[in-house]
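Here's a quick tour of a cavity and some ring contacts. Have a look at the model first, then read on.

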Amino acid sequence: MSSDSPPGTLHPDPELRERLERAELLLRSEGHHSLASELTLGLLHKLNNLMTGVYLNLESVEEVLDAAHPASSALRAVTDTIQKAQTLVRRTADVNLPPDGDKEYFEIGAIIQEHWELLELVLPKGATAEFTRPSTPLYVQVSSEEFREALLQLALHTRRAVVDGRARVSVSATSADELDLNVFGPSLLTIPAGVAVLYKDDSGAMPDLADGRCFQAYTAGCGGTMNQLFRAQELIQRQGGTLTARQVADGVEFLILLPAVT
């Protein structure tokens, strides 16, 4: 303490001061993200209402046209496109809602397929993605919102990892019994009768893959933002599952392992 400091003045050490400043920055960031989420949600609902108005007007026009009229098929194509766009807007709005954590019973292939358009939307424009559904239905009991977000976090990681905007992503689901889990390392938490979701991209090697540091909350070069892999792992662990990764010849493969239900 300096001699000219007022009585009772505390001077925290530099490390503590840095932690306090970081905490303040994160709180401000969280407040900003919360506001942005609320505004985005409002805009999405407004957009959905506008599209509903356009759809109803087109329906009215189509009703007075003869089926053989040249414009009839064109109007039907437009209304079908609007319906698909509204579905995507509603799903995007759902992402902005806070997850409630309630666990649901569903088939893993169906839930991935349902939100596949969102995943493609998150990936860079130059990316190609394919999903292979399991040959037989595989059921889990988890929060669909949190599982969906975990997949989107992996897609966001791919988006930020690629340099030229091009990436190849493949997603598949299978029974864990059909996999050799040892290739993911001896420390992998095994889940009896588990369901495995494999997410693979060719974005390149991740740092510190061997010791799991790629799943730490904050990593160098992220500008103070939370690591997408940490968030994805946190969401999967909340479901009683685990998330890990391994280096493969053409990229990185992530394994989401979830407990199965019969």
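The largest cavity is lined by I111, I112, H115, W116, L119, F147, R148, L151 and L152. Here a cavity is a set of points on a 1 Å grid over the protein atoms alone where a 1.4 Å probe fits but cannot get out, and lining residues have an atom within 4 Å of a point. This is a predicted model, where local features need pLDDT of at least 70 and side-chain atom pairs count only at pLDDT 80 or more, while totals for chains, interfaces and linings use all residues. Residues are numbered from 1 along each chain as its sequence is written, and side-chain values use heavy atoms, with hydrogens and water left out.

Which helix gives the most to that lining? It's α5, with four residues; α3 (108-114), α4 (116-122) and α5 (144-161) each supply at least two. Helices are DSSP runs of H or I with at least four residues, and strands are E runs of at least two, numbered from the N terminus.

On to the rings: there are three aromatic pairs, meaning Phe, Tyr or Trp (six-membered ring) centres within 6.5 Å. Y105 and Y139 make a stacked one (planes under 30 degrees apart), with 5.3 Å centre to centre and 5° between the planes. Y105 sits in strand β1 (residues 104-107) and Y139 in strand β3 (residues 139-142), so the pair ties together parts 34 residues apart in sequence.

| Residue | Relative accessibility | Class |
|---|---|---|
| Y105 | 49% | partly exposed |
| Y139 | 32% | partly exposed |

Note on methods. 1 Å grid on protein atoms, 1.4 Å probe; cavity = no way out; pocket = protein on both sides within 12 Å on 5 of 7 lines; lining within 4 Å. Phe/Tyr/Trp six-rings, centres within 6.5 Å; stacked < 30°, edge-to-face > 60°. Buried < 20%, exposed > 50% of the residue type's maximum accessible area, 1.4 Å probe, protein only.
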